[in-house]
Amino acid sequence: MPAPLVPARLAFNAEGTPYSLEYDDLYHSADGGAAQAQHVFLGGNGLPERWRSARHFTIFETGFGFGLSFLAAWRAWREDAARAARLHYVSVEKHPFTAQDLAVLHAPHAEFAPLSEELRSAWPLLVPGLHRLEFESGRVVLTLAFGDAAELVPQLRLAADAIFLDGFAPARNPDMWSPALLKAVARIAAPDATAATWSVAAPVRDGLRAAGFMAEKRRGFARKSEMLVAHFVPRRALRRASEPPSERSAVVVGAGIAGAAACERLAARGWDVTLVERHLEPALEASGNHAGAFHPVVSPDDSHMARLTRAAFTFLLEHWRQFDAIGASPEWQRCGVLQLARDAREAASQRAALEALAPPLAYVQHLDARQASACAGVPLAAGGLWFPEAGWIRPRSFARALIARSRARTLYGREAAALERAGTRWIVRDREGEVLAEAGAVVLANAADALRLAPSAHIRLRQVRGQLTYLPPIDKLRTVVLRGGMVLPPVEGVTVTGASFDLEDDDASVRADSHEGNLERLERIIPGAAAGLDPRALAGRTAFRTVARDRLPLIGPLEAGTALYGAFAYGSRGLLWAGLGAELLASLMEGEPLPLESVLADALAPARFALRVRRRAGSPGSRP
Ligand SMILES: Cc1cc2nc3c(=O)[nH]c(=O)nc-3n(C[C@H](O)[C@H](O)[C@H](O)COP(=O)(O)OP(=O)(O)OC[C@H]3O[C@@H](n4cnc5c(N)ncnc54)[C@H](O)[C@@H]3O)c2cc1C
Ligand SMILES: C[S@@+](CC[C@H](N)C(=O)[O-])C[C@H]1O[C@@H](n2cnc3c(N)ncnc32)[C@H](O)[C@@H]1O
């Protein structure tokens with residue numbers, strides 16, 4: 001069963017030091033939290049010296065608390081002229097504070113005021129899982145892992161250079177110092193990693209030693225005479241998430257939203273990117289619709305789909321913030337999405353999901369038909385789930401904004417017809433055999449056509465026809481509403497409704513029978529909305545979704561060790577997947593901490609299909 005995320009409760013002791021009612025302990029030394037972070041965690045890990053001249057440096061922390069150590073590390077990085085090009089800070093936290101509480105907690109630390117403000121403005125919805133936030137134009141990356149460390153740390157993929165061990169006192173918070181957790185921490189430590197903690201308790205020393213760390217005592221902070229610093233000495237070769245590339249150049253094939261987002265995330269890491277698109281403009285195929293909806297799904301068992309869509313949704317909101325900050329936003333609106341229950345069974349399932357997850361109201365809540373109608377501005381047929389932060393996006397504007405931000409070299413009107421491996425490089429050729437581009441890596445973001453360029457015996461993709469109907473504006477409708485189909489509020493004077501889901505149908509034309517189906521779906525959402533509309537006289541658009549058998553996208557290496565990657569099969573949720581998919585892809589390509597738990601990253605890995613076949617055949621095998 002999923003565990004709801006329970007936020008921390010704000011409290012202070014008599015001296016005004018932040019205090020946990022849950023664990024009956026202080027959040028930091030009574031002699032000063034910021035100075036403690038500086039002495040124990042930064043000093044104990046040899047920072048800032050150790051990150052100097054690194055391309056990226058990763059700090060892992062147990063217990064984000066209210067982020068003092070993060071703010072101290074960020075500030076030290078900022079002030080260091082010889083800093084690492086990119087600082088990753090990954091921190092696990094079971095009871096996060098709200099942004100309002102962070103403001104109160106940070107108030108006494110005037111030296112962090114501007115950083116605190118930025119952190120709070122990026123602070124995610126308090127829902128379980130990983131949340132990736134970017135600061136300093138992406139050079140400081142905070143990955144917050146909300147949930148229990150015992151479950152989450154074994155699910156992280158990263159190679160930590162420095163480790164801040166900062167649970168509450170071992171006697172009060174033994175879970176944060178258990179031998180199993182310290183072993184899990186060792187599994188994500190880089191070979192020359194260091195660790196530091198204020199605790200010198202015997203179980204901590206013993207646990208660190210058992211996990212492969214050489215621990216020694218040092219002078220502690222303020223009134224504490226001792227603290228621990230440790231050096232990781234792996235007993236055997238470590239499996240890293242992935243190795244950093246030797247060359248940072250890539251050809252991305254396909255300028256839909258998948259390829260556009262891949263360009264943007266790679267360029268943000270300093271990659272040299274060439275984008276090849278067979279049409280004269282980006283986003284003319286599946287990503288060419290007038291507008292589409294984005295929202296997460298929820299399920300009573302918090303399924304992989306629910307967790308993945310939650311991660312993608314919160315990532316999209318952060319991406320949104322980044323675009324807003326530079327004033328280059330695509331056309332999108334967070335008008336809220338209502339997902340009406342189709343029948344009593346779905347209504348029960350929606351309620352069960354909310355009970356199990358107990359999510360914050362800002363993520364999702366239940367509305368009855370009357371409340372939902374008031375929210376939407378029109379009378380609706382049923383109640384259901386309300387996602388206040390979700391909304392619509394115009395995919396073409398999204399793709400254009402991503403490509404513009406990436407400054408990728410664009411080759412429009414050129415079709416990639418063949419890939420050729422030449423040493424450690426890839427050459428991409430057109431039908432005539434002419435070289436279009438070459439680079440150290442290739443990303444196939446060309447939907448169903450990806451398998452033509454990189455055939456696979458195990459991957460099966462379907463193309464599913466979808467037709468949207470474009471109607472005159474439905475007056476007063478102000479939210480997206482879903483129920484089998486969807487209807488959007490008017491976007492540039494057009495109401496988008498649909499879509500058909502037509503298997504084994506390759507007809508690219510716009511048809512009256514598909515409009516008819518869309519109007520029926522619309523009637524089930526807003527009774528009477530389709531009255532008087534003639535399906536033969538309506539406008540619309542047809543496109544094809546690329547769908548894998550398990551309806552999840554394929555993101556990651558296509559061939560082990562060859563720098564050939566895929567980002568395709570985004571099915572019916574490309575607007576949601578594009579950002580997180582590209583972040584996952586770029587993190588894999590760069591050998592950086594992954595933005596998803598490993599079970600979720602594995603659920604998207606193209607290798608999953610071959611792995612399933614091997615598992616069925618009973619051989620363990622390996623995966624890229
Ligand atoms: C009717 C309909 C409604 C939808 N509604 C929603 C919605 O509301 N919300 C949502 O999230 N998603 C929705 N989707 C899904 C979403 O549109 C897709 O998931 C998304 O657009 C896929 O993006 P993509 O970049 O993978 O593919 P595409 O947009 O198809 O891009 C692939 C690109 O690759 C190019 N290409 C292919 N082969 C080559 C080659 N060999 N060389 C060069 N270029 C090549 C193509 O020309 C194309 O531009 C809908 C889809 C349909 C069909
Ligand atoms: C001492 S505080 C951390 C202070 C923090 N490093 C800072 O700079 O503000 C310990 C934190 O560990 C968290 N914690 C306790 N048990 C946990 C668990 N099992 N999993 C994840 N976090 C946990 C607490 O909620 C608390 O925020």
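Predicted model: local features only at pLDDT ≥ 70, side-chain atom pairs only at ≥ 80, totals over all residues.
Residues are numbered from 1 along each chain as its sequence is written, while chains are lettered from A and ligands numbered from 1 in the order in which they are written. Local features need pLDDT of at least 70 and side-chain atom pairs count only at pLDDT 80 or more, whereas totals for chains, interfaces and linings use all residues.

We can begin with the helices. Helix α1 (residues 33–44) and helix α2 (residues 68–79) have axes that come within 9 Å and cross at roughly 70°, which makes α1 roughly perpendicular to α2 (angles of 65 to 115 degrees). Contact (C-beta atoms, placed from the backbone, within 7 Å) involves residues of α1 including Phe-41 and Leu-42, and residues of α2 including Leu-68 and Ala-76. By class, this contact has 8 nonpolar, 3 polar and no charged residues.

Neighbours within four places in sequence aside, Leu-585 is in contact with Ala-262, Arg-265, Val-443, Ile-555, Gly-556, Tyr-565 and Ala-567.

Finally, 42 residues lie around ligand 1 (C-beta atom within 6 Å), of which Gly-254, Gly-256, Gly-292, Gly-466 and Gly-574 come nearest. Among the elements giving two or more residues to this shell are α8 (257–268), β24 (461–471) and α15.

How values were computed: Axes fitted to C-alpha atoms, helices over the stretch in contact; angles between N-to-C directions. Helix = DSSP H or I, 4+ residues; strand = E, 2+ residues; numbered from the N terminus. Parallel < 35°, antiparallel > 145°, perpendicular 65-115°, else oblique. Contact = placed C-beta atoms within 7 Å. Nonpolar A, V, L, I, M, F, W, Y, C, P; charged D, E, K, R; others polar.
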